[in-house]
Amino acid sequence: MNEITLNPVFGLLLTLLAGWLGVKIRDKAGKLWLNPMLISVVIVVVFLKMTDIPYESYKAGGDLIHMFLGPITVLLAVPLYQNRRYLKKYSKAIMSGIVVGSISALVSVIVFSKIFGLDEYIMRSILGRSVTTPIGIAISDMLGASNSIVILSISITGIFSILIIPFIYKLFRISHPIARGVALGTAAHAIGTAKAMEYGKLEGAMSALSIGLAGIFTVVWVVVLNALEFI
């Protein structure tokens with residue numbers, strides 16, 4: 001058993017199987033809140049717990065998938081290019097949404113950390129919660145914070161965002177595909193983009209654009225806030 005679980009293929013296959021089950025359960029139940037990613041996370045955690053398999057054994061396979069996140073993000077530029085006419089037509093609205101969204105993500109962390117008396121080290125560790133994992137780790141390193149905490153906060157932010165954003169769309173009657181894509185990419189990074197692709201190619205393209213720009217803006221804001229000693 002140990003030889004099997006120590007092989008990176010084990011973690012890879014377990015992740016793929018959990019993801020497949022997550023999609024099947026979502027499609028079977030037809031419930032909005034049954035997100036495949038959330039289901040797959042629960043399946044993996046329960047399986048590792050019940051079999052006493054160390055997380056490190058699973059992580060070796062998970063790292064294989066993580067390695068492909070960068071190239072997959074680049075591939076999202078294809079639908080963005082195909083819908084470039086919308087980018088030109090709504091450039092001001094798109095940029096405004098991304099700038100405000102990236103600032104809001106940081107300000108909300110700082111404000112709520114102050115309100116709830118969160119340790120400064122923890123606060124610095126979750127500032128990169130709304131960007132991609134590589135950028136979040138870079139921000140964490142820059143601030144001398146915890147990479148583990150920022151990765152956890154990125155995952156929680158992505159999963160929580162895609163759970164509540166559909167209800168926000170419905171509540172505020174947000175139906176424009178560009179608005180939906182920008183919101184998902186800016187708030188929920190790659191996980192949000194996966195959700196945006198379910199809505200449509202234009203939503204996915206706008207979400208992919210938002211990921212990159214929100215990451216750049218977030219790094220700039222963090223540098224400025226750090227220089228001004230707000231963080």
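## Surface patch, salt bridges and cavity

Isoleucine 164 is partly exposed, with a relative accessible area of 32%; buried means under 20% relative accessible area, exposed over 50%, and partly exposed in between (1.4 Å probe, protein chains only). The model is predicted: local features need pLDDT of at least 70, side-chain atom pairs count only at pLDDT 80 or more, and totals for chains, interfaces and linings use all residues. Residues are numbered from 1 along each chain as its sequence is written, and side-chain values use heavy atoms, with hydrogens and water left out.

Isoleucine 164 lies in helix H11 (residues 147–171); helices (H or I, at least four residues) are DSSP runs numbered from the N terminus. Together with Leu152, Ile156, Phe160, Ile168, Leu171 and Phe172, Ile164 makes a nonpolar surface patch of about 720 Å². Such a patch is made of residues with over 30% relative accessible area and no salt bridge, nonpolar side chains (Val, Leu, Ile, Met, Phe, Trp, Tyr) being joined within 5 Å. Accessible areas come from the Shrake-Rupley method with a 1.4 Å probe, and for residues only the protein chains shown count as cover.

The whole structure holds four salt bridges, each a side-chain nitrogen of Lys or Arg within 4 Å of a carboxyl oxygen of Asp or Glu. Among them are the following.

| Salt bridge | N to O distance |
|---|---|
| Arginine 26 and aspartate 27 | 2.7 Å |
| Lysine 195 and glutamate 198 | 3.4 Å |
| Glutamate 198 and arginine 26 | 3.6 Å |

The pair of glutamate 198, in helix H12 (residues 177–199), and arginine 26, in helix H2 (residues 8–29), links distant parts of the chain, 172 residues apart. Lysine 195 and glutamate 198 are separated by about one helical turn, because they are three residues apart in helix H12. Lysine 195 is buried, with a relative accessible area of 11%, whereas glutamate 198 is partly exposed at 47%. Through shared partners, salt bridges join Arg26, Asp27, Lys195 and Glu198 into one network.

One cavity of 30 Å³ or more is counted. A cavity is a set of points on a 1 Å grid over the protein atoms alone where a 1.4 Å probe fits but cannot get out, and lining residues have an atom within 4 Å of a point. The largest cavity has a volume of about 60 Å³, a volume being the space filled by probe spheres set on the points. Helix H8 (91–115) and helix H13 (201–227) each supply at least two lining residues, and H8 gives the largest share, four residues. Among the lining residues are Gly101, Leu127, Thr186 and Ala214.

Technical notes:
1 Å grid on protein atoms, 1.4 Å probe; cavity = no way out; pocket = protein on both sides within 12 Å on 5 of 7 lines; lining within 4 Å. Patch = residues over 30% accessible without salt bridge, like charges linked within 9 Å, V, L, I, M, F, W, Y side chains within 5 Å.
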